[in-house]
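Colleague: I am new to this structure and would be grateful for a guided introduction. Could we begin once the model is displayed?

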Amino acid sequence: MKKIGFIGLGIMGSRMAANLQKTGYKLIIYNRTKAKGSFLLEKGAILGNSPKEVAQNCDIVITMLSTPEVVKEIATGKSGLLHGMKKDQLWINSSTVNPSFAKEMHQKSMEYQIRYIDAPVAGTKGPAESGELLFLTGGNHKDLEEASPLFDIMGKKTIHLGEIGKGAAMKMLINQLLGQSMVAFAEALTMGEAMGIQKEKLFNILLSSPVVAPVMSIIRPKLENDTYEAHFPLKWIQKDLHLSSISAYENGVATPNLNVTKEIFAQAKQHGLGDLDFSAIYKFLKHKK
Ligand SMILES: NC(=O)c1ccc[n+]([C@@H]2O[C@H](COP(=O)([O-])OP(=O)(O)OC[C@H]3O[C@@H](n4cnc5c(N)ncnc54)[C@H](OP(=O)(O)O)[C@@H]3O)[C@@H](O)[C@H]2O)c1
């Protein structure tokens, strides 16, 4: 069985790595905050002291990191993974990044004769834990075939969208709509309550209407209980909307609605809500805190 190097053990990565380990894969792991990997070490994973050391000691590297800047540092920094990888080794980047950045990492990998594929995921903490993510991939068929047994463990479905960057592009569109839908729903709820409609009626009627995104039914308990433990941190949806905005610019497309939504999340982050779940935008719109 191939040895997997897993870098980035946050909300998503820790659960994805755990599923690979449960299935019998040997892991070598790296996370900036080491303690987050201790549950994997207890079950036999090996600790890499740097991304480079992880890459030197595995067959395939998977990264699940926060932002393009962090991916770049972990890949190309002084003890970055690209300095440890062997010729022809495979790097699967599951972090949500923008398509032009995915292409940049592919280009960089080629300089080191490394194979790169983009494989971001749709689905949050729950699907990551139950191995039911959706993988949106970009890259060549041979490389994706090599990665597909891993995708099948961490996810329920894999869709190949074409060349490098296309997986990232599709993922960005999904999160663009997620952010926009969240703000639209939170705004309607706030307004409905202000007009004196019972909250339960608002949920029941709006959520059974085709005009509301189905994902809002999953988010409902957070809004009802006013508890926002992060499944998907608000700071990361703001990051994703920012990446969408960059891509819109690069492709000559005007996206006014996207940019307004992005700035609403930016305001909430500025008010200290960045580490809460992105659904806390409701709390922000309602109370301005
Ligand atoms: N949560 C979701 O629902 C979800 C769903 C789909 C895709 N995603 C995407 O998946 C990626 C990971 O998300 P997540 O929710 O797992 O986030 P998270 O819990 O915040 O984890 C982020 C990871 O990046 C690492 N990191 C952050 N800054 C770093 C730095 N300066 N140097 C080194 N490592 C750093 C963190 O290390 P530390 O542990 O040391 O902070 C952690 O391993 C993001 O690209 C996100 O957009 C998230």
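Colleague: How many helices and strands does the chain have?

Modeller: This is a predicted model, in which local features need pLDDT of at least 70, side-chain atom pairs count only at pLDDT 80 or more, and totals for chains, interfaces and linings use all residues. Residues are numbered from 1 along each chain as its sequence is written, and side-chain values use heavy atoms, with hydrogens and water left out. Helices (H or I, at least four residues) and strands (E, at least two) are DSSP runs numbered from the N terminus. On that basis the chain has nine strands and 13 helices.

Colleague: What radius of gyration does the chain have, and why does it agree with a compact globule?

Modeller: The radius is taken over C-alpha atoms, and the globule rule is 2.2 Å times the number of residues to the power 0.38. The C-alpha atoms fill a box of roughly 65 × 45 × 30 Å along the principal axes. Because a compact globule of 289 residues would have a radius of gyration near 19 Å, there is agreement with the chain's value of 20 Å.

Colleague: What percentage of the chain's residues count as buried?

Modeller: Buried means under 20% relative accessible area, exposed over 50%, and partly exposed in between (1.4 Å probe, protein chains only). Of the 289 residues, the buried share is 51%.

Colleague: Which residues are the closest to the ligand?

Modeller: A residue is near a molecule if one of its heavy atoms lies within 4 Å of it. The ligand is surrounded by 25 residues, and the closest are I11, N31, T33, K36 and T124.

Colleague: How far is an oxygen atom of the ligand from an N or O atom in the side chain of N31?

Modeller: A polar contact is a pair of N or O atoms within 3.5 Å; within protein, one must be able to donate a hydrogen and the other to accept it, and residues adjacent in sequence count only if both atoms are side-chain atoms. For the side chain of N31, the distance is 2.6 Å.

Colleague: Which element gives the largest share of the shell around the ligand?

Modeller: The shell draws at least three residues from each of domain 1 (4-163) and domain 2 (169-287), with bounds from an automatic or database domain assignment. The elements giving two or more residues are α1 (11-22) and α11 (234-250). The largest share, three residues, comes from α11.

Colleague: Where does Q113 lie, and where is the place of D226?

Modeller: Most residues other than glycine have a negative phi. Q113 has a positive phi of about 55 degrees although it is not a glycine, and D226 likewise has a positive phi of about 55 degrees. Q113 counts as partly exposed because its relative accessibility is 48%, and D226 counts as partly exposed at 43%. Q113 lies in the loop between α5 (99-111) and β6 (115-118), while D226 is in the loop between α10 (215-225) and α11.

Colleague: Which side chain is joined to that of R115 by a polar contact?

Modeller: R115 is found in strand β6. R115 is buried because its relative accessible area is 14%. At 2.9 Å, a polar contact joins the R115 side chain to that of E146.
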